[in-house]
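Have the viewer open as you read.

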Amino acid sequence: MTQTIFALASAPGRGGVAVFRLSGPLAGPALVSLTGSLPPARMAVRVRPTHEGEVIDDGLALWFPGPASFTGEDVCELHLHGGRAVAAALAHALVGLGLRPAEPGEFSKRAFLNGKLDLTRAEAIADLVDAETAAQRRQALLQLDGGLDRLAEGWRADLIRALALLEACIDFSDEDLPDGVTDQAAQLVARLAAELRGHLAEGVRHERLRDGIHVAILGAPNAGKSSLLNRIAGREVAIVSATAGTTRDVIEVHLDLQGWPVVLADTAGLREAAEEIEAEGIRRALVKAEAADLKLLVFDAGCPADAATLALLGGDSVVVANKADQPGSDAFSIDGAAPIMLSARTGAGLDELLERLTGEVASRFALTQAPALTRARHRAAATEALVALGRFDPGLGLELAAEEIRAAAGAIGRISGRVDVEDVLDVVFGEFCIGK
C-alpha cells in the first residue's frame, strides 16, 4: 500500500498561516481522526484539530478525494496558524496516525506517476516556485501550460510515423507497397533534425533565464569596477580602495534588472600582473569575460583607453566611461563606440546604464510564445536524438536505420517522461522544495 505523506507546503518558520498537505490512503482517516469528519469535497470548513484529547489549533480543512486531486490520490489540507509550536504539534500528531514526512518533490512525483503531470510540467512547477524575476515567472508559466510537452510529443509522433514506414518495408518487403515509403521516412527525419537544431540553438538562451544572465564587469585597475558594482547592487558588496589590484577574485551579485535575472560579476583589473595571486585573478577575469553573455567594459574617463580592455570590445559589450565627474573626462572617446558617461561615486549616468543593459538583455533573451528547451536535461535528450538521426541512412540497411529512429524516439520521450524515466525521476524531483 502506498504510504501516506505530509508536509508543510507553506514557508517554514513563523507566519500568519501554515498550510499542511496530506496525500495517500490515510489522508481521509487522518483528517477524520483529527477533526471528527470529512468536509464536503473542495470546500473550506472551519475545524479544531485535536489529538490525544488536546486541541492543536483552530483553522480550516479542505478535502480533495482522488483521483480529482493534485497527486491523483486522496489529498487534504489543513490551514492553521503559522507558529512553530502549532506546526510541531500537528506533525507529531500525523506521525502518530501513521503518516510520514514527504521527501522533496514527492507530491509532484506522485502526480507524475499517477498521470496528472508530465515531466516538463512538473519541472515548470519547480521553476515557478523558484522564480525571482518576472521573466523567470513568465517562462515557467509558458512551460506549465504544456507547450514543451506538446512539442516533444509531436516530435515523437513524427519519429513513430517514420519508424512505422520503415517497419512496413522490413516486414512486408515481398508485398506490393506504395512507391516512396522510404523517402517519406527520410523526409520526416530531415524535417525533425532541422527542428531539433533550431531548438537546441535557442535552448541555451532559455536556460540562461532560469539560471541568470551573466554580465562581467571588466577594465583596468582603479577604473572603478568595484564602485560600479556597489552602486548597481545598492550595497557594499566589493571592497573599494585607491590601491590598484584590490580585487583578486570574481565577486558575483544576483540582481533583478527590471524583471530580468542577472548575475553581475566584478573581476580583477586587467594589466601586466605584478605577482602570482594577481595573475590568477586576471586569468579568472578573462575566463569570466569569455563565458559572459554581456561584457560591461569600464574605462577611466580621465585616462586614455587601455589596450587590455579595448581588446575585449565586441558586439556583446557595453562601454562605460567612469569618473565622468572628474576634470578632463569630457575628452574621453573610443573609436567605433559610444561610451556611457558615468560617475560611480555620484551615481550620475547610472539610470542610462541600467536602461542600456536592460535593452541589451531584452533583445537577446526576449521570450516568445513558442515552447522551448529550458533545462540541460532537455538539451541532452534533444542532442542525443539529433545524433541518432544524423546516423540515419537507409542505404546502409533498413534495420539499422529503424534502430536509429527508435533510439531518437526514446531520447525525445525522456523529455516529457513517456519512456525510460526511472533514471531521471530522482534528479528531476530532488530539486523541489518540501511540500511540492
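## An exposed glycine

Gly 115 counts as exposed because its relative accessibility is 64% (exposed is over 50%, buried under 20% and partly exposed in between, with a 1.4 Å probe and protein chains only). You'll find Gly 115 in the loop between α3 (106–113) and α4 (119–130). Helices here are DSSP runs of H or I with at least four residues, strands are E runs of at least two, and both are numbered from the N terminus. Thr 71 sits 44 residues from Gly 115 in sequence, with 8.7 Å between their C-alpha atoms.

## About the model

This is a predicted model, where local features need pLDDT of at least 70 and side-chain atom pairs 80 or more, while totals for chains, interfaces and linings use all residues. Residues are numbered from 1 along each chain as its sequence is written, and side-chain values use heavy atoms, leaving out hydrogens and water.

## The one aromatic pair

Searching the whole structure turns up one aromatic pair. Its members are Phe 299 and Phe 332, with ring centres 5.9 Å apart and planes at 40°, so the pair is tilted (centres must lie within 6.5 Å; planes under 30 degrees apart are stacked, over 60 edge-to-face, the rest tilted). Phe 299 belongs to strand β12 (residues 294–300), and Phe 332 to the loop between β13 (317–322) and β14 (340–341), so the pair links parts of the chain 33 residues apart. Both Phe 299 and Phe 332 are buried.

Definitions and conventions:
Phe/Tyr/Trp six-rings, centres within 6.5 Å; stacked < 30°, edge-to-face > 60°.
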